[in-house]
Amino acid sequence: MSRVISFYPGPSRVESKVPDYMIDAYKTGILSINHRSQAFMNLLEDTCEILKKKLNIPESYEIYYTSSATECWEIIAQSAIGTSGSYHVYNGAFGEKWLHYTRALTSNCLQHPFDINEKLNVKNLKPGDKLICLTQNETSNGTQISEKLLRKIRKIFPDNLIAIDASSSMAGVHLDFNQADIWFASVQKCFGLPSGLALIICSPRAVEHAKSIAENRHYNSLKRIKVNMDNWQTTNTPNILGIYLLNRVVNNRKTIKKVHGELLSRKKSWTTFFNKFDDIDFLVDNKSVRSDTVFALKSESKLIEMLKIKALEKDIVLGNGYGRLTENTFRIANFPAIKKKEIKILKTFLRTRK
Ligand SMILES: *Cc1c(COP(=O)(O)O)cnc(C)c1O
């Protein structure tokens with residue numbers, strides 16, 4: 001058992017079986033084999049199959065491996081946006097960062113910020129023919145875009161390509177992959193894995209689009225990644241240990257609908273729990289936009305500071321507030337790897353404050 005109980009929303013608590021899987025990885029020899037070998041190719045193929053089955057990813061979608069969600073932002077900017085540009089819809093720090101990274105690499109970027117309490121009004125969106133960029137779960141402020149809303153956006157803009165940052169929801173929340181063309185996430189959040197690996201998942205339309213743009217100036221050009229992946233290969237020596245652990249952890253998980261159901265019932269119980277407090281409240285008042293996987297809570301900065309220090313004395317790690325929200329919020333991850341008994345310990349601590 002790890003000494004500390006982490007509720008940090010990334011890097012976050014890793015699955016308890018990770019140490020065993022690490023030893024298995026060493027013993028199988030996969031860590032010492034060339035990544036052009038058949039053994040590695042089999043691992044890649046098998047991992048894609050497991051991901052599709054457990055996360056309900058359509059058969060026709062392609063899964064590629066990268067090193068981080070940040071790298072995915074750049075890959076999309078380099079290889080998938082093209083001349084028509086991108087349209088960034090966001091209400092928090094990660095969506096805004098995505099915009100800034102894209103703006104540094106492309107010249108035709110538009111933004112549509114919205115309020116954290118706003119249930120995004122689709123009628124106000126004016127993407128033209130641009131690629132629409134959405135952050136499904138905004139880790140910085142604990143908000144999410146619902147599946148219903150994603151369906152609506154898809155319906156109203158059927159011709160636009162849609163890219164979705166699902167870094168802190170993929171493998172926790174049931175995502176309807178058909179509602180967008182490019183999905184990406186790093187694995188140190190809901191997957192319950194060590195950092196240094198991310199997935200980018202593309203619809204047939206996104207793959208065709210990347211082929212037609214044929215951007216070829218980077219080692220991680222999307223088309224280059226795709227051509228390699230057609231032969232179960234990667235453009236560079238990948239994070240083999242990370243891929244091995246991903247394979248084992250996802251294989252050991254229940255199907256995503258069950259995992260999501262469990263997180264929803266935990267969310268309900270956390271909501272009841274915090275409703276009893278008069279000095280801690282959810283940052284976001286509008287219940288319908290609150291995240292299923294990351295809770296942002298607001299309070300007086302003095303109380304937050306005290307809670308964080310006292311929690312650490314008990315080996316409990318709370319998530320700091322993010323960016324501008326550092327002082328007046330803290331965050332609690334509602335990720336699948338967290339155990340029931342750990343939640344109980346945190347609730348007791350928050351109630352007794354000692
Ligand atoms: C954590 C996070 C990122 C950044 O992930 P890296 O793996 O550090 O690049 C991007 N977007 C969201 C929504 C995140 O939660």
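Predicted model: local features only at pLDDT ≥ 70, side-chain atom pairs only at ≥ 80, totals over all residues.
I started with the largest cavity: by class, its lining has 6 nonpolar, 1 polar and 3 charged residues.

The lining is made up of K54, L55, A171, F191, V250, R253, K254, T255, I256 and V259. Two elements, α2 (38-55) and α9 (256-275), each give two or more residues to it. The space inside comes to about 70 Å³. I also checked the count, and there are 3 cavities of 30 Å³ or more.

Then I moved to helix α6, residues 204-213. Which residues of α6 are buried? I found A206, V207 and A210. Looking down the axis of α6, I see these buried residues fall within an arc of 100 degrees, so they line one face of the helix. I then asked what the buried residues of α6 pack against. My list has β2 (62-66), α3 (69-79), β9 (182-186), β10 (198-202) and α7 (222-229).

Last stop was a sheet. I traced an open one of 4 strands, in the order β11-β12-β15-β14, with antiparallel pairing. β11 (281-282) and β14 (319-320) are at the edges with a single partner strand each, so one side of each has no neighbour in the sheet. I zoomed in on β12 (residues 294-298) and β15 (residues 329-333), which run antiparallel and are joined by 5 bridges. Within that pair, V294 sits opposite A333 in β15.

Definitions and conventions
Residues numbered from 1 in each chain as written. Heavy atoms only, no water. Pairing = 2+ DSSP bridges. 1 Å grid on protein atoms, 1.4 Å probe; cavity = no way out; pocket = protein on both sides within 12 Å on 5 of 7 lines; lining within 4 Å. Points joined across faces, edges and corners; volume = space filled by probe spheres on them. Nonpolar A, V, L, I, M, F, W, Y, C, P; charged D, E, K, R; others polar. Buried < 20%, exposed > 50% of the residue type's maximum accessible area, 1.4 Å probe, protein only. Arc of directions from axis to C-beta. Contact = heavy atoms within 4.5 Å.
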